[in-house]
Amino acid sequence: QVQLVESGGGLVQAGDSLRLSCTASGRAFSTYAAGWFRQAPGKEREFVASISPLGRYTYYTDSVKGRFAISRDNTKNTVYLQMNILSPEDTAVYYCAAGENMYEVGRGNSGSWGQGTQVTVSS
């Protein structure tokens, strides 16, 4: 079990960049896969990206490939989501998650979730 807290959201303009952070508290964070989801107004939760425990593997949904980058620093118990070339379609509450492996995280079945951080992109 791990506790997660997101930060770094805010209001930006289209084309801008933003970096989200997810800081974990709990034991053995480096053994957990992690990922990011988002939920836009009126839409269902959407998978964004995931990363393996040591950061060797990453996976992205097609809509963010080439623009977003997930990374982690296990010495800081933190997962990041670098978001570039943001568009209004990226507006959502972003949540981080942790699980036993990338497959569990990607399915949204992980038991650990953060509270979310709001990202708003104006046109």
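Analyst: Happy to; below we take the labels one at a time and set each value against its definition.

This is a predicted model, where local features need pLDDT of at least 70, side-chain atom pairs count only at pLDDT 80 or more, and totals for chains, interfaces and linings use all residues. Residues are numbered from 1 along each chain as its sequence is written, and side-chain values use heavy atoms, with hydrogens and water left out.

User: What makes up the pattern of helices and strands in the chain?

Analyst: The chain has 1 helix and 11 strands, in the order β-β-β-β-β-β-β-β-β-α-β-β. Both are DSSP runs numbered from the N terminus: helices are H or I with at least four residues, strands are E with at least two.

User: Why is the chain called as compact as a globular protein of its length?

Analyst: The radius of gyration, taken over C-alpha atoms, is compared with a globule rule of 2.2 Å times the number of residues to the power 0.38. For 123 residues that rule gives 14 Å and the chain has 13 Å, which is close, so the chain is as compact as a globular protein of that length. Along the principal axes, its C-alpha atoms fill a box of roughly 40 × 25 × 25 Å.

User: Why is Ser21 called buried?

Analyst: Buried means under 20% relative accessible area, exposed means over 50%, and partly exposed is in between (1.4 Å probe, protein chains only). Ser21 has 17%, so Ser21 is buried. This serine is in strand S3. Leaving aside neighbours within four places in sequence, Ser21 is in contact (heavy atoms within 4.5 Å) with residues including Val5, Trp36 and Tyr80.

User: And why do Ala69 and Ile85 get other labels?

Analyst: Ala69, in strand S7, has 35% relative accessibility and therefore counts as partly exposed. Ile85, in the loop between S8 and S9, has 53%, so Ile85 counts as exposed. Buried residues make up 46% of the 123 residues in the chain.

User: How do you know that Val48 is buried?

Analyst: The relative accessible area of Val48 is 0%, so Val48 is buried. Val48 sits in strand S5, and among the residues it touches beyond four places in sequence are Trp36, Tyr60, Leu81 and Tyr94. Tyr60 is 12 residues away along the chain, with a C-alpha separation of 5.8 Å from Val48.

User: What makes a group of residues a nonpolar core?

Analyst: The members must be buried Ala, Val, Leu, Ile, Met, Phe, Trp, Tyr or Cys residues, joined through side-chain atoms within 4.5 Å. The largest such core here has 29 residues, and Trp36, Leu81, Met83 and Tyr94 have the most contacts inside it. Strands that each supply at least two of its residues include S3 (18–25), S5 (46–51) and S9 (92–99). Apart from it lies another core of 5 residues, among them Phe37, Phe47, Met102 and Val105. In soluble globular proteins, nonpolar side chains tend to be buried together.

User: What makes the phi of Asn77 worth a remark?

Analyst: Phi of Asn77 is near 55°, a positive value in a residue other than glycine. Most residues other than glycine have a negative phi. Asn77 lies in the loop between S7 and S8 and, with a relative accessible area of 23%, is partly exposed. Ile85 also has a positive phi, near 50°.
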